[in-house]
Amino acid sequence: MSISLKRAQAIFVKDYKEFSRNYAVSIMLLFPIVFAFILRSAPTPLTGAFALVLNTSFVILPCFTQACLVAEEKEHNTLRSLMMTPASTMDVLLGKSALTFVMSAVVLGITTFIFGYEPASIWAFTAAIIFSIILYTAAGTICGLFSKTLLEATLSIMPVLIIFTVAPSGVLLADDFPIFKVLDYLPSSQLVHLLGIQGTGFTTGELLKPLLIILAWTVALTIWSVVLYQRRLKDE
Amino acid sequence: MDIIQVERIRKRFGDKDALSDVSFSIPKGEIFGFLGPSGSGKTTLIKILTAQLNPTSGQARVFNEPSEMMHRSAQKMRFGILTDNSGLYERLTIEENLELYRQLYDLPKSSIDKVLHFVNLSGERKKKVNRLSKGMRQRVMLACAVIHEPELLFLDEPTSALDPVNSAHIYKGLRYLNENGTTIFLTTHDMAEAELMCNRVAILYQGQIQAIGSPKELKKQHRENVMCVELINGEAYELPIDEGTADQIADWMKRGVIDRLETKEPSLGDIFIKMTGSELL
């Protein structure tokens, strides 16, 4: 599968221009920062509030933004036009995802700074954030590809919002309802475990387990988004 | 050398054949017109030729490769396409839209000026697409399709939203592209456009090719064997072409009473109606 960085960059620049003029979507960049200001002084434990803001931000930033970028292209027939140019599947997905990734990374960096959260391992924390941004960008691509319009894309991220954001709270019910144990394997729950590791008394295994589960989700959703995009190249 | 070869293509959607046993070939450098009403299978055929759709049976070759290979970047560099599935970025200007295509095709900056002149939009380059009329949008989409001066150009009803002045400008540009080596595959239901632009046409009806040939050949095949004569006193006659008519016309000519004399030639629209019993809409 070929990748042309020049073509991916052209798509990135085009998306940036479109996004910066689309105030209905670009205003989403402010929400995580506003949440951080509101919740940093909340009486709940810092890591709990921070995890909630991060998990919500992953849905409203990379997932929602990417779903809107893809769905709007479909609504205006520009995705099909793009597919007819020499840009390969990877050029298009890389170009579109790069904008979402950069914006999400910057906003989540500011959010972390506002919270004043200090991770046990900066490397594990950074890796988890990077994997999660890619994961939710892939989820947004899938939602966008299943939608025909911007409105549909807005609705299509609701299951992602509900399942992934509520999962860490759902795990608390696992003692009464064992079926909810499955929610512990969702990336949002694993992120909560990772953020909960404090100080110096932790093992590498404690860091690796949540990271590997998040990575597995990232790989699976990324592959699904690429396969789905390639199927959308055809009209069958 | 044939740039497109289509052999016994059939495309079935559910229990309906969109295309049935369609065969033809297009040599390099030709402007080939596909004529037919809406729903006759014209767009389906373009989708098969550009790897957006697989045929149910039969095979199509483009640039001497199976049409399924047309999704590759190297092949996509060689063709341009304008269909009703084409779109533009609404919040970007005309120039910004073309800049994207320029970069995707790795072209010099001068290609934007050239293509804007081609579609007669040089003075509008800074206008945002969401403020353009339907006709102007169509011209911008055409500009995106031809910015790389492709070897093969697929055009699906390219002038349907244009006024006669802009259509004439586009025809001139397409002829220029064709003279410089671009083969053009054009679908239309505008008979005048087909006659003006195409070296050969195929008439498609209910998924089947009813006739194929140059407009001149088709007209000749379907010409009625009749002479139309109008005399200066206003009398008009339709006479069979035979020896008696020749003598009669010679007599009128000697007397200098003929105002107008012509063979009765059908238009492509007349041929379509004659072959299908249906209006071309």
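Helix axes are here lines fitted to C-alpha atoms over the stretch in contact, and the angles between them run from 0 to 180 degrees between N-to-C directions. In this predicted model, the axes of helix 4 (residues 46-75) of chain A and helix 7 (residues 122-146) of chain A come within 7 Å and cross at roughly 35°.

**Helix packing in chain A**

- The crossing in which helix 4 of chain A passes helix 7 of chain A is right-handed.
- On the helix 4 side of chain A the residues that meet helix 7 include F58(A), P62(A), C63(A), F64(A) and V70(A), while the helix 7 side of chain A includes I133(A), Y136(A), A139(A), G140(A) and C143(A).
- The residues of this contact between helix 4 and helix 7 of chain A divide into 14 nonpolar, 7 polar and no charged.

**The largest nonpolar core**

- The largest nonpolar core has 135 residues, and those with the most contacts inside it are C63(A) and A143(B).
- Leaving aside its neighbours within four places in sequence, C63(A) is in contact with F58(A), Y136(A), A139(A), G140(A), C143(A), I157(A) and V160(A).

**Chain B as a whole**

- The secondary structure of chain B comes to 10 helices and 13 strands, and its C-alpha atoms fill a box of roughly 70 × 45 × 35 Å, taken along the principal axes.
- Chain B has 281 residues, of which 38% count as buried, and among its contacts between residues at least 6 apart in sequence, 68% join residues at least 24 apart.
- According to an unreviewed UniProt entry, the annotation "domain: ABC transporter" covers residues 4-231 of chain B; over those residues the chain is 33% helix and 30% strand, with the end C-alpha atoms 50 Å apart.

**Individual residues in chain B**

- Apart from neighbours within four places in sequence, C228(B) is in contact with E238(B), E262(B) and K264(B), and its C-alpha atom is separated by 6.4 Å from that of L239(B), 11 residues apart along the chain.
- F63(B), in the loop between strand 4 (57-62) and strand 5 (65-66) of chain B, has a positive phi of about 50° although it is not a glycine, and with 18 other C-beta atoms within 10 Å it is partly exposed.
- E149(B), which lies in the loop between helix 5 (134-146) and strand 7 (152-156) of chain B, likewise is not a glycine and has a positive phi, of about 45°; E149(B) is partly exposed, with 18 other C-beta atoms within 10 Å.

Conventions:
Residues numbered from 1 in each chain as written. Chains lettered and ligands numbered in written order. Predicted model: local features only at pLDDT ≥ 70, side-chain atom pairs only at ≥ 80, totals over all residues. Contact = placed C-beta atoms within 7 Å. Helix = DSSP H or I, 4+ residues; strand = E, 2+ residues; numbered from the N terminus. Left-handed = near helix turned anticlockwise from the far one by under 90°. Nonpolar A, V, L, I, M, F, W, Y, C, P; charged D, E, K, R; others polar. Buried ≥ 20, exposed ≤ 12 C-beta atoms within 10 Å, placed from the backbone. UniProt positions renumbered as here; feature names shortened; annotations may be inferred. Core = buried A, V, L, I, M, F, W, Y, C linked by C-beta atoms within 7 Å.
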